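Please open the model in a viewer and keep the selection tool at hand.

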Amino acid sequence: MMENQLPNGERLIEEPTYPEDWECCNNGCEELCVYEIYRVQKQAYEEQQQRLKSVPKTT
């Protein structure tokens, strides 16, 4: 098993890094804005972390 893959085959999501101010072009990119991309990635990460908390630990 790959180290970033969960036993169910799902890929482990790395916590996204908040964008630096210089990464935004200020052109009103809407869904392609680095801040919107971060928000979507952060939500997916947090949802996966919640699911992982509910999975019983195996030793």
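Helices (H or I, at least four residues) and strands (E, at least two) are DSSP runs, numbered from the N terminus. This is a predicted model, in which local features need pLDDT of at least 70, side-chain atom pairs count only at pLDDT 80 or more, and totals for chains, interfaces and linings use all residues. Residues are numbered from 1 along each chain as its sequence is written, and side-chain values use heavy atoms, with hydrogens and water left out.

Select Glu 36 and Arg 39 in helix H1, three residues apart, about one turn of the helix. Their side chains form a salt bridge (a side-chain nitrogen of Lys or Arg within 4 Å of a carboxyl oxygen of Asp or Glu), with N to O at 2.7 Å. The whole structure holds four salt bridges.

Next, select Lys 42 and Glu 46, also in H1 and four residues apart. Salt bridges with shared partners join these two and Glu 15 into one network. The Lys 42 to Glu 46 contact spans 3.9 Å, N to O.

Then select Glu 10 and Arg 51, whose closest N and O atoms are 2.4 Å apart in a salt bridge. This pair links distant parts of the chain, 41 residues apart: Glu 10 precedes H1, whereas Arg 51 is in that helix.

Finally, move to the segment before helix H1 (34-53) and select Asn 26. Asn 26 is not a glycine, yet has a positive phi of about 60 degrees. In the segment before H1, select Glu 30 as well; its phi is also positive, about 55 degrees. Most residues other than glycine have a negative phi.
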